[in-house]
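Dear colleague,

I am passing on the structure you asked about, and it is placed just below. Please look it over first, and then read on for what was found in it.

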Amino acid sequence: MKRLQSLKMRWVTWVWNHTPNCAEMSRLASLALERPPSLSMRLRMRLHHLICAWCRRYEKQLRFLHRAAPHLDKADHDKPAVRLSNDAKRRLIERLNGQDPRT
Amino acid sequence: MDAPSQLQIRAAAKPVVTPSGGGGAADPERWVEQHADALYQYALLRLRNPQKAEDAVQETYLAALRGANRFEGRSAERTWLVGILRNKIFDQYRTIGRETSFTDLGFYGDEERDRFLPDGVFAGGWIHELGPVEWKDPAAHCDRAPFWETFRSCTMKLPHKVAAVFTMREVDGVDSKEICDILNISENNLWVMLHRARMALRRCLETHWFTKPS
């Protein structure tokens, strides 16, 4: 049991020493959404994920936000939380009605 | 995500005349009734200023009125109007980028540092208790209006320029190169700003939505 523990610690330390640290990993996770990382970087990130639940979550959550964000406006289109005041709407209609569509 | 709206803008610019009977596309009262709130909300998130947002909505309607006969009715009227508004907003960004600078590297440079170990063998690693927590089935939240309200308010907490970059990239789906062109910033600075925006937004959503005691 003790031997297993020590083996695990050595594996974790080895991976840690051969992969970017978590602060760097968070930067790389964002960058990966802009342009694909090189193969060697991808491998190192994968390797890091093997020993780090936090970076796995971070990347997964960033990808989720990336996928979800485009729905922001669609999501509140039907019932906008923010509204234009009635005064502003009246002004708007007046302005539009006063406009000759052909000019 | 931006492909259809790009097409949309091109379609709107193409001078194709269609019969606009049956109420017609250009019916100001119905237009305002149906779309003004949504357009205003869209503009406010991106311009951060009620007056500017109102003006942008008005300009959008005026432009739409002038181009009403070009509206092909192929896609939703809302999409068409949002496309016009989006271009107006990007024009304003363009002006800001030309006259001052759209780069903001001050925001969130250090804020997350306290979540990483400062030294030791695992320096730069997440402090376990402060690292990202598991989000249970996040996709299920996308159907819920309060989730988007939280998303919106978290975006509003970002500094304006950082938020503008984030919304352009993530919400409007504009690609990096095009954002750099519009805002007149370097790709490297864009990446730094996006990284910090995502980090701050992730943390905000985690605090105010995913781990909020109900």
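Read along the sequence, chain A follows the pattern α-α-α-α-α-α, and its secondary structure comes to 6 helices and 0 strands, where helices (H or I, at least four residues) and strands (E, at least two) are DSSP runs numbered from the N terminus. Chain A is more spread out than a compact globule, because its radius of gyration, 26 Å, is well over the 13 Å that the globule rule gives for 103 residues; the radius is taken over C-alpha atoms, and the rule is 2.2 Å times the number of residues to the power 0.38.

This is a predicted model, in which local features need pLDDT of at least 70 and side-chain atom pairs count only at pLDDT 80 or more, while totals for chains, interfaces and linings use all residues. Residues are numbered from 1 along each chain as its sequence is written, and chains are lettered from A and ligands numbered from 1 in the order in which they are written.

The C-alpha atoms of chain A fill a box of roughly 85 × 30 × 20 Å, taken along the principal axes.

As for the two chains together, 48 residues of chain B are in contact with 42 residues of chain A, contact being C-beta atoms, placed from the backbone, that lie within 7 Å. On the side of chain B that touches chain A, helix 2 (28–47) is among the elements that give two or more residues, and helix 2 of chain B gives the most, with 10 residues.

With best wishes
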